[in-house]
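Visitor: Could you walk me through this structure, starting with its pockets and then moving on to how the helices pack?

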Amino acid sequence: ARHADGTPWPFALKTASCSTLFSLRCALAAAARLGRERPDWEQAAAALAGALASPRPGAFLPKDRWAMDWYYPVLVGLTAGEEAGTHLADGRPRFVMEALGTRCVADRPWVTAAETAECALAHAVAGLDDAARQLLSWTRHLRHPDGSYFTGMVHPERVHFPGGERATYGGAAVVLAADAIGGRGPASGLFRGVGLPSVVVPEVGPRAVR
């Protein structure tokens with residue numbers, strides 16, 4: 001991240017960096033489909049994967065309260081396999097309100113459509129399909145009759161927060177999760193890594209994405 005004058009912040013954001021890594025994987029897949037080599041993109045993805053997998057002290061802004069920093073490494077394929085399932089299970093008591101959804105932050109009783117849907121998608125990526133479908137079903141109490149989704153709700157008061165807001169990104173997250181979990185759309189396998197280069201972070205030596 002950079003300030004308005006172009007100077008860099010003293011730290012990075014984990015969730016945003018995870019998003020950038022996934023975008024680079026998608027860009028590399030598109031380049032391969034077009035028959036174009038992009039070694040600089042490969043190097044950037046490798047460097048970013050390495051920075052996320054083995055962060056130097058103080059590299060990322062501490063945001064342990066935020067659910068996104070918990071599930072995004074799984075969502076973008078950085079944390080995978082058995083480790084992904086363990087990671088999600090370890091964080092669930094802090095971030096998931098059973099039968100209601102995923103909290104925005106661990107210390108507030110506020111669940112959101114976006115966090116709940118993205119968390120469901122992360123579980124699908126980890127192969128935890130039953131948990132993914134369950135989480136996605138919990139977004140229903142945030143659905144407006146017109147099909148949009150309230151941003152979030154505070155419990156047990158059941159008060160929408162921010163008051164009355166129905167952000168498009170929440171609805172978009174639900175659509176993405178439903179498509180990935182249902183497996184019906186042509187891009188439904190995208191977050192599971194179908195057609196994308198894998199993230200490879202060697203324990204020693206130069207990191208690479210292939």
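**Pockets, packing and peptide bonds**

Guide: By class, the residues lining the largest pocket are eight nonpolar, three polar and three charged. Please keep in mind that this is a predicted model.

Visitor: How much space lies in the largest pocket?

Guide: The largest pocket holds about 320 Å³ of space. Its lining has 14 residues, and those closest to the centre of the pocket are Leu 52, Ala 53, Leu 78, Thr 79 and Glu 83.

Visitor: And which elements give two or more residues to that lining?

Guide: Those elements are helix H2, which covers 39-53, together with H3 and helix H4, which covers 81-95.

Visitor: What about the second largest pocket, what volume does that have?

Guide: The volume of the second largest pocket is about 150 Å³. Its lining is made up of Ser 19, Phe 22, Tyr 72, Leu 75, Val 76, Glu 118, Leu 121, Tyr 169, Ala 172, Ala 173, Leu 176 and Phe 191. Two or more of the lining residues come from each of helix H1 (14-33), H3, H5 and H7.

Visitor: Which helix gives the largest share of that lining?

Guide: That is H7, which gives four residues to the lining of the second largest pocket.

Visitor: How does the lining of the second largest pocket divide by class?

Guide: The lining of the second largest pocket divides into 10 nonpolar residues, one polar residue and one charged residue.

Visitor: OK, on to the packing. At what angle do H3 and H5 pack?

Guide: Helix H3, residues 67-75, packs against helix H5, residues 113-125, at an angle of about 30 degrees, and their axes are 8 Å apart. The crossing of these two helices, H3 and H5, is left-handed.

Visitor: Which residues of H3 and H5 make the contact?

Guide: On the H3 side the contact is made by Ala 67, Met 68, Trp 70, Tyr 71, Tyr 72, Val 74 and Leu 75, and on the H5 side by Ala 114, Glu 115, Glu 118, Cys 119, Leu 121, Ala 122, His 123 and Val 125. Sorted by class, the contact of H3 with H5 has 12 nonpolar residues, one polar residue and two charged residues. Tyr 72 and Leu 75 of H3, and Glu 118 and Leu 121 of H5, take part in this contact and also line the second largest pocket.

Visitor: How do H1 and H3 pack?

Guide: H1 and H3 pack at an angle of about 25 degrees, with 9 Å between their axes. Angles under 35 degrees count as roughly parallel, so H1 is roughly parallel to H3. H1 passes H3 in a left-handed crossing.

Visitor: Which residues meet there?

Guide: Lys 14, Thr 15, Cys 18 and Ser 19 in H1 meet Met 68, Asp 69, Tyr 72 and Pro 73 in H3. The residues of this contact of H1 with H3 divide into four nonpolar, two polar and two charged.

Visitor: And H6 with H7, at roughly what angle do they cross?

Guide: The axes of helix H6 (residues 129-137) and helix H7 (residues 168-182) cross at roughly 150 degrees and come within 11 Å. Angles over 145 degrees count as roughly antiparallel, so H6 is roughly antiparallel to H7. The crossing of H6 and H7 is left-handed. H6 contributes Ala 132, Arg 133 and Leu 136 to the contact, while H7 contributes Val 174, Ala 177, Ala 178 and Ile 181. By class, the contact of H6 with H7 has six nonpolar residues, no polar residues and one charged residue.

Visitor: Changing topic to the backbone, which residues does a cis peptide bond join?

Guide: A cis peptide bond joins His 155 and Pro 156, with omega about 10 degrees, and Pro 156 has its place in the loop between strand S4 (152-154) and strand S5 (159-160). A cis peptide bond also joins Phe 161 and Pro 162, where omega is about -10 degrees, and Pro 162 is found in the loop between S5 and H7.

Visitor: Where does Ala 99 lie, and what is its phi?

Guide: Ala 99 lies in the loop between strand S1 (96-97) and strand S2 (101-102). Its phi is near 70 degrees, which is a positive value in a residue other than glycine.

Notes:
Residues are numbered from 1 along each chain as its sequence is written. This is a predicted model: local features need pLDDT of at least 70, side-chain atom pairs count only at pLDDT 80 or more; totals for chains, interfaces and linings use all residues. Side-chain values use heavy atoms; hydrogens and water are left out. Axes are lines fitted to C-alpha atoms, for helices over the stretch in contact, and angles run from 0 to 180 degrees between N-to-C directions. Angles under 35 degrees count as roughly parallel, over 145 as roughly antiparallel, 65 to 115 as roughly perpendicular and the rest as oblique. A crossing is left-handed if the near helix is turned anticlockwise from the far one by less than a right angle, and right-handed if clockwise. Contact means heavy atoms within 4.5 Å. Ala, Val, Leu, Ile, Met, Phe, Trp, Tyr, Cys and Pro count as nonpolar, Asp, Glu, Lys and Arg as charged, and the others, Gly among them, as polar. On a 1 Å grid over the protein atoms alone, a cavity is a set of points where a 1.4 Å probe fits but cannot get out, and a pocket is an open set with protein on both sides within 12 Å along at least five of seven lines; lining residues have an atom within 4 Å of a point. Grid points are joined across faces, edges and corners, and a volume is the space filled by probe spheres set on the points.
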